Amino acid sequence: MADKGYLPKEKIKEFVEALGKDAAVYAPCLEGDTIIFRQYTADKEISLDRPANTPPKGAIYPQCETLLSFEFKKDAATPQKMDVELKANTDFPKAVVFGGRPCDAKGFTVIDRVFVNTDTADPYYKKRRENTTIITKCCNSPYAGCFCVGVGGGPASREGSDVVMTEVDGGYYLEAVTEKGKAVMSLSMIQDGSSYEAKAKQANEKATGAVRNPFPADARISPELFDSGDFWGRVVDKCVSCGACTFLCPTCYCFNITDEQAITTGERIRSWDSCMFQHFTLETSGHNPRPAKYKRFRNRVGHKFSYYPEKYDGAIACTGCGRCIRYCPVSVDISEIVGYLKDPKADPKQWAADKKDAKN
Amino acid sequence: MSTQKLKEIIKQVLPDVETVICWQEGYDKLNVTPIFITSPEQVDQVVWNPLCAQNLASYLPSQKKKVAVAVKGCDSRTIVQYMQEGLIDRNNVVIIGIPCKGTVSKKKVQKAIGNEPVEEVTFTDGSIKVKTPSGEKTLALADVCPTKCTSCQFPTPIVYDQLTADAIKSDKPPESVYADVAELEGKTLEERKAYFASQFDKCIRCYACRNACPMCVCQDSCIAETRDPHWITQKNSLDEKVMFHMIHALHLAGRCVECGECERVCPMEIPVAKLKKKINKEMKDLFDYTPGVNPEDKPPMYTFNVDEAKIKEHKL
Ligand code: SF4
Ligand code: SF4
Ligand code: SF4
Ligand code: SF4
Ligand code: SF4
């Protein structure tokens with residue numbers, strides 16, 4: 001099997017439909033002005049024009065999934081006894097994530113470290129992940145907010161992808177990155193791609209050079225500034241504490257588990273949660289260790305740029321996709337905030353709560 | 001011109017207040033973002049242009065001390081409504097009013113320029129010029145403004161302490177306000193159902209629309225996500241999404257000041273304000289009440305008359 005190929009643009013639909021023969025294909029679909037990853041069906045219109053509003057995260061890690069269903073049953077012979085019957089399903093079909101961007105594909109690798117590469121792997125995520133082939137579209141140029149290069153990725157990064165495609169001459173140059181990816185290359189509409197390789201490389205380099213790099217990836221976060229409530233207060237005062245930044249993030253993986261019961265039957269469901277919500281850390285006693293907005297925001301930044309890297313050999317839990325910037329109701333820019341934290345001249349005094357007093 | 005005046009006013013009021021809430025340039029030229037000014041050096045960062053679409057009045061109820069806030073005509077309705085509902089102390093707010101000729105929807109601009117990165121933005125009277133790597137594009141403001149600006153009745157703030165420019169009058173007919181609702185009403189029930197289903201199906205329950213809404217006062221106690229009691233399931237089925245939007249809309253009945261924040265902030269580009277406008281229109285017909293225009297008014301849902309002029313329940 002070849003690991004290089006070429007797919008003319010007009011064959012995209014045919015390609016996706018061929019992939020869909022034995023797998024559920026998740027693709028960026030246009031609905032009104034919104035691009036959303038949906039399970040592809042023939043009535044949908046795929047759009048690769050810009051990164052989708054949502055990342056493809058939900059294809060492997062759904063916003064809401066049933067972990068198990070339960071039913072309470074009375075035993076006819078001994079009516080005082082109640083049995084509970086449990087059912088769990090991890091028998092997921094094969095799937096393909098088609099048309100995500102390199103930052104989206106890399107997002108899965110961030111979640112893998114927590115959900116798969118551990119001795120207590122999550123069976124739901126793990127099974128879906130194993131069953132999924134990821135075919136990624138490299139970016140021609142960055143979009144508002146993008147900073148993948150600043151966190152060690154790039155618009156042509158291969159990390160997390162099985163196949164990457166680069167736009168060249170009325171079609172896409174395809175390159176298999178993994179064995180799973182090589183299997184895709186045998187589909188009949190894929191032509192020989194070797195003559196496009198050089199052009200694709202050029203396009204990749206051009207795009208990479210155009211992405212902003214807001215901070216040196218290896219610069220350390222100033223612990224003094226990170227601990228300064230005044231700093232966080234100032235950079236976060238405009239935040240409205242919604243879930244847009246976390247629900248649109250390809251790497252956020254926090255969840256909540258609830259039992260949804262109706263008399264004798266019910267389901268235990270897992271749904272995405274957000275550290276930006278006040279309820280996230282609300283304890284049964286009523287105590288909340290992160291009652292203030294700035295403490296929640298600090299957790300989001302800290303998790304991605306400090307706690308996670310400490311635990312996983314320096315890997316950053318942000319792929320720079322820019323969605324949290326692009327879609328934030330009040331244009332909070334995480335790269336600007338991390339930029340302050342990584343500034344070698346960072347000084348908490350500059351952020352004193354009342355600058356009027358500080359100046360005096 | 002009025003930007004200069006705005007900066008002057010801010011410098012003048014700053015010593016008397018804790019913070020002045022205004023706009024500054026955001027992460028790129030097509031974005032502005034709020035600035036909370038506490039020192040005179042920050043005043044230079046202030047911007048005022050049609051990108052300043054965000055309703056800054058929403059921050060007022062959470063402010064503990066005396067603050068000043070820059071508001072457009074539409075934003076001032078939020079303040080009026082807060083006054084009606086006792087959510088702010090007027091003595092603790094200095095209102096810097098900006099007569100406004102219309103804002104810009106960045107989503108519409110982005111679409112018009114093919115989502116290219118923005119290098120430069122300039123405004124001339126009635127148009128916006130955007131520079132991208134592939135060239136320059138000039139767009140008429142009327143083509144890229146949010147829906148609310150097409151029928152704006154209050155270009156000059158209703159309440160203010162200072163104005164940055166001479167007051168201007170609306171040139172839009174009052175009937176235009178509910179033109180989009182009338183269009184929806186012209187559709188059959190089935191068509192409307194299908195329309196809302198296709199829109200709300202895109203919702204990710206991020207609650208940006210709720211948290212950005214100046215009149216959503218429950219916020220962290222919203223029944224859509226309280227955990228104890230666990231009123232509503234966390235499932236992301238269409239029914240649950242619609243349920244959340246119905247709650248938001250009904251809680252805004254006769255309170256929605258039509259600022260359009262819910263719609264502006266929705267990352268999934270759902271026309272979330274439509275339902276609320278429809279209810280507002282009903283409230284107007286029923287109680288002859290428009291939210292956020294007269295500080296002396298009492299919101300209809302805050303009171304009741306034994307005999308309502310247009311409700312016939314006692315005369316069965
Ligand atoms: S962050 Fe990089 S990889 Fe992601 S969409 Fe932007 S340019 Fe593409
Ligand atoms: S999207 Fe923006 S406003 Fe919403 S929680 Fe995130 S940073 Fe705050
Ligand atoms: S934190 Fe923001 S930029 Fe980073 S991966 Fe998440 S959404 Fe993208
Ligand atoms: S419902 Fe929407 S338009 Fe109405 S007040 Fe809230 S944010 Fe503004
Ligand atoms: S902002 Fe949009 S996506 Fe988020 S909850 Fe509201 S309607 Fe849904």
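Q: How many nonpolar, polar and charged residues are in the shell around ligand 4?
A: The shell has 7 nonpolar, 2 polar and 3 charged residues. Nonpolar covers Ala, Val, Leu, Ile, Met, Phe, Trp, Tyr, Cys and Pro; charged covers Asp, Glu, Lys and Arg; the others, Gly among them, are polar.

Q: Which residues are around ligand 4?
A: Among them are Cys213(B), His248(B), Cys256(B), Glu258(B) and Lys276(B). Near means that a heavy atom of the residue lies within 4 Å.

Q: What should I know about the model and the numbering?
A: This is a predicted model: local features need pLDDT of at least 70, side-chain atom pairs need 80 or more, and totals for chains, interfaces and linings use all residues. Residues are numbered from 1 along each chain as written, chains are lettered from A and ligands numbered from 1 in written order, and side-chain values use heavy atoms, without hydrogens and water.

Q: New topic. Which residues of helix α3 in chain A are buried?
A: In α3(A), residues 123-130, they are Tyr124(A), Tyr125(A), Arg128(A) and Arg129(A). Buried means under 20% relative accessible area, exposed over 50%, partly exposed in between (1.4 Å probe, protein chains only). Helices (H or I, at least four residues) and strands (E, at least two) are DSSP runs, numbered from the N terminus.

Q: Why are they on the same side of α3(A)?
A: Because they cover an arc of only 120° around the axis. The arc uses directions from the helix axis to the C-beta atoms.

Q: And strand β6 of chain A: how many of its residues are buried?
A: 6 of the 6, so β6(A) is largely enclosed by the rest of the structure.

Q: How does β6(A) pair with β7(A)?
A: In the parallel sense, over 5 bridges. Pairing takes at least two DSSP bridges between two strands. Val97(A) has Ile134(A) in β7(A) as its bridge partner.
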